[in-house]
Amino acid sequence: MKQALATALFAMSAAVVMSSFTAAAAPLDPNAPPEPSPGILGMVYPATVQGPIHATFAQPGPHTVAATQQIHPCDDIGSVILGTAYEYLGGFKNLDDALCTSSFPHGANSPWGMQYYYPTDLAPGEQAPVVQFQPGFTGDPGNYDQAARLWASRGFVVAMPYNFIDIFPTDPLWGLQALIGEEAKTDSPLHGHVDFGRTIIGGHSAGGEGAFWAAAYLPPLEKQIDPRLHILGVLGVAPTPAPTGPAITIPALIMTGTRDAIVWDIFDRWVGYKTILFGPAYIAATINGEHFNITENLNNNEDAALATAWIEHLIGGHPDADAVFVGPGWGLSTDPAFTWVERNQPADQLH
């Protein structure tokens, strides 16, 4: 049955490759051996490599975590069709563990909304920095459960705006406005616990492109949005390239994959990274990383580990994270999980 479905889906490959369905998985030991794609696909999409960054930054932190929406297995027909296609065309490894919210098309809820992950054990008045992370085209926030829980367990509020399309440059803006409104509610678990002065914007695939558009236009407007708001940096995971580099002055990290068949490294490198001239910028390709790597189980998810190092570096107070990006012996440049690693001149000058 699965083979027949996969054969039919190959006929739809042109439409499928344009999409960025994403998935995520139930909790799993981050130190379990990495896995190749199932069956014969393992020859095309072999296992990723676990290096020192993974050993340090893929480990859950001390905080207990909750989410504002329940998630469930992605077992609806749309998920099965798209997920099987991406397993064959994109190398997605952990299809059986994929998680979704009940937002359309995975349920009857609105396709437009917010999902929050947050530490539940913050002291009264204690504030956590923000990671606003946008899903990819047709992505569901539940798809990123592994990465979001990792970040929240290490002390971040993770805000995920979604609208099923997830391709608009204004998505990060309304997502921030929604977070500001949520934090203002006295009955919200986020009330009084959001440090808007330490905000990082990011996203995957088309959502990553939206983040880089926002990185160009939001920083000059941040105080008009909210006097507390300060954007520390931007994160793009396999982002659709955005031609915004000359306008970006905040620190930027772009992650690609050597096995990404949907968004190729060469486009992110030359359209994105190479055009960032006025702010620190980094780019790294995950060895054997495919387009959906950020949504995999943590043992396969070098992207989530590197993203954790990045956000902890940006908020300050984490020398181990700083060592990944700063100084002559910066760890990202030597980690065996990554290749084609570069940083620009403004990043070289950081100490």
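# Briefing: contacts, cavities and backbone features

Threonine 138 is buried, at a relative accessible area of 9% (buried means under 20% relative accessible area, exposed over 50%, and partly exposed in between, with a 1.4 Å probe and protein chains only). The model is predicted, so local features need pLDDT of at least 70 and side-chain atom pairs count only at pLDDT 80 or more, while totals for chains, interfaces and linings use all residues. Residues are numbered from 1 along each chain as its sequence is written, and side-chain values use heavy atoms, with hydrogens and water left out.

**Backbone features**

- Threonine 138 has a phi near 70°, a positive value in a residue other than glycine.
- Threonine 138 lies in the loop between strand E5 (128-134) and helix H5 (145-153); helices (H or I, at least four residues) and strands (E, at least two) are DSSP runs, numbered from the N terminus.
- Alanine 238 also has a positive phi in a residue other than glycine, near 45°.
- The loop between E8 and strand E9 (252-257) holds alanine 238, and alanine 238 is buried at 4% relative accessibility.
- A cis peptide bond runs from phenylalanine 104 to proline 105, with omega near 10°.
- Proline 105 belongs to the loop between strand E3 (99-100) and strand E4 (113-119).

**Cavities**

- There are three cavities of 30 Å³ or more in the structure. On a 1 Å grid over the protein atoms alone, a cavity is a set of points where a 1.4 Å probe fits but cannot get out, and lining residues have an atom within 4 Å of a point. Grid points are joined across faces, edges and corners, and a volume is the space filled by probe spheres set on the points.
- The largest cavity has a volume of about 50 Å³.
- Its lining consists of Gly208, Glu209, Phe212, Pro239, Thr240, Pro241, Ala242, Ile254, Asp268 and Gly272.
- Helix H7 (206-217) and helix H9 (265-272) each supply at least two residues of the lining of the largest cavity, and H7 gives the most, with three residues.
- By residue class, the lining of the largest cavity has five nonpolar, three polar and two charged residues (Ala, Val, Leu, Ile, Met, Phe, Trp, Tyr, Cys and Pro count as nonpolar, Asp, Glu, Lys and Arg as charged, and the others, Gly among them, as polar).
- The second largest cavity holds about 40 Å³ of space.
- The lining of the second largest cavity divides into six nonpolar, four polar and one charged.

**Aromatic contacts**

- The whole structure contains nine aromatic pairs. Rings of Phe, Tyr and Trp (its six-membered ring) pair if their centres lie within 6.5 Å; planes under 30 degrees apart count as stacked, over 60 as edge-to-face and the rest as tilted.
- Tryptophan 310 and phenylalanine 325 form an edge-to-face pair, 5.0 Å centre to centre with 70° between the planes.
- This pair links distant parts of the chain, with tryptophan 310 in helix H10 (residues 302-315) and phenylalanine 325 in helix H11 (residues 319-325), 15 residues apart.
- Tryptophan 310 is buried at 0% relative accessibility, and phenylalanine 325 is buried at 0%.
- Tyr282, Trp310, Phe325 and Trp330 are linked into a cluster by ring pairs.

**Charged contacts**

- The structure has 10 salt bridges (a side-chain nitrogen of Lys or Arg within 4 Å of a carboxyl oxygen of Asp or Glu).
- One of them joins glutamate 342 and lysine 274, at 3.0 Å from N to O.
- Glutamate 342 is in strand E11 (residues 338-343) and lysine 274 in the loop between H9 and strand E10 (281-286), 68 residues apart, and the pair links distant parts of the chain.
- Both partners count as partly exposed, glutamate 342 at 24% relative accessibility and lysine 274 at 32%.
- The charged end of lysine 274 also sits over the ring of tryptophan 270, 5.1 Å from its centre (NZ of Lys or CZ of Arg within 6 Å of the ring centre and within 35 degrees of the ring normal).
- Aspartate 348 and arginine 343 form another salt bridge, with the closest N and O atoms 2.6 Å apart.
- Aspartate 348 is partly exposed at 41%, whereas arginine 343 is buried at 13%.
- Salt bridges that share partners join Asp265, Arg269, Lys274 and Glu342 into one network.

Notes. 1 Å grid on protein atoms, 1.4 Å probe; cavity = no way out; pocket = protein on both sides within 12 Å on 5 of 7 lines; lining within 4 Å.
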